[in-house]
Amino acid sequence: ALAAIGISNAGLRLKFLRSETSGVAVWGKIFGEIKGQLDAAFSEETAIQNKLTAFVVIPKDLEDVGPKWIKAFVMTQITEAFAVALEEAYVKGTGKDMPIGLDRDVSEGVSVTAGAYPKKTATGTLTFADSQTTVKEITGIYKYHSTKENDAPYQSEGKVTLLVNPSDEWDVKTQYTHLNANGVYVTALPYNLRIIATPHVAIGEAISFIAERYDAYVGGGVTVRQFNETLALEDLTLFTAKQFAYGMAKDDKAAALWTLSIPAVVPEG
């Protein structure tokens, strides 16, 4: 999903907390402190609009393995954790100490509560019931994005991406996969609509958006610092990391929320 959104590096300035099992991130103010921890099994982290920070604690005994291995190990965990945090924020971030996600209402005059933008109201329902219905529904998506919030025309052809939950992805695919005359199964949608799965979209919902109409920026690379004395009594080495990010749609019609109403595929057996 991050690739589809299209992140630019603009030297801007993120903070986050990632749990070991869920990969959920918590964002914070740019001048806030570093919170959370990524343990060796990979636990927590804490993020211009916002700063993304994390720290990793490694037992000093692991240094016997070699500094290059330790650095690669730390950077891999931080990179993966930051990617999870960024994707979640760009999809459903509230805007409170974090980017404003694609599923947020950013229409002119929208009521923002304590810095948090409200979630969009569904624009319509997608069923992919049959070929004719699918054409009409996808036409509706492209037509919605063919104008900006100020009613100025916009060329949306070939530029729309649809985000769905991984569980719904397969239900959608069954609706537009067919056997062609050569006996080959073909999966294709009208107008080359791209469908991408992300766990950050709720089951039963979908988000359509125009990547070039959503501003997603990160500032520079990930800055990692090593501290050997901070947790010396615990015989641990501390690594801290930070990166900066920004995210917001150019206007409310850059993205739309849809309700999915598709019969679920039930496995046989």
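**Strand pairing in the predicted model**

Within β7, Ala197 is the bridge partner of Val164, strands here being DSSP runs (E, at least two residues) numbered from the N terminus, as helices are (H or I, at least four). The model is predicted, so that local features need pLDDT of at least 70 and side-chain atom pairs count only at pLDDT 80 or more, whereas totals for chains, interfaces and linings use all residues. Residues are numbered from 1 along each chain as its sequence is written, and side-chain values use heavy atoms, with hydrogens and water left out.

β4 and β7 run parallel and are joined by 4 bridges, two strands being taken to pair if DSSP finds at least two bridges between them. Towards β8, β4 runs antiparallel over 5 bridges, with Val160 opposite Ile210. Because 5 of the 5 residues of β4 are buried (under 20% relative accessible area, with exposed over 50% and partly exposed in between; 1.4 Å probe, protein chains only), this strand is largely enclosed by the rest of the structure. Val160, Leu162 and Val164 are buried on one side of β4, and Thr161 and Leu163 on the other.

These strands belong to an open sheet of 5 strands with mixed pairing, in the order β3-β11-β8-β4-β7. Its edge strands, each pairing on one side only, are β3 (124-126) and β7 (194-197). β3 pairs with β11 (residues 255-260) in the parallel sense over 3 bridges, and Leu126 stands opposite Leu260.

Elsewhere, β2 (residues 50-59) and β10 (residues 236-249) run antiparallel, joined by 10 bridges, with Thr237 in β10 as the bridge partner of Ile58. Of the 14 residues of β10, 10 are buried.
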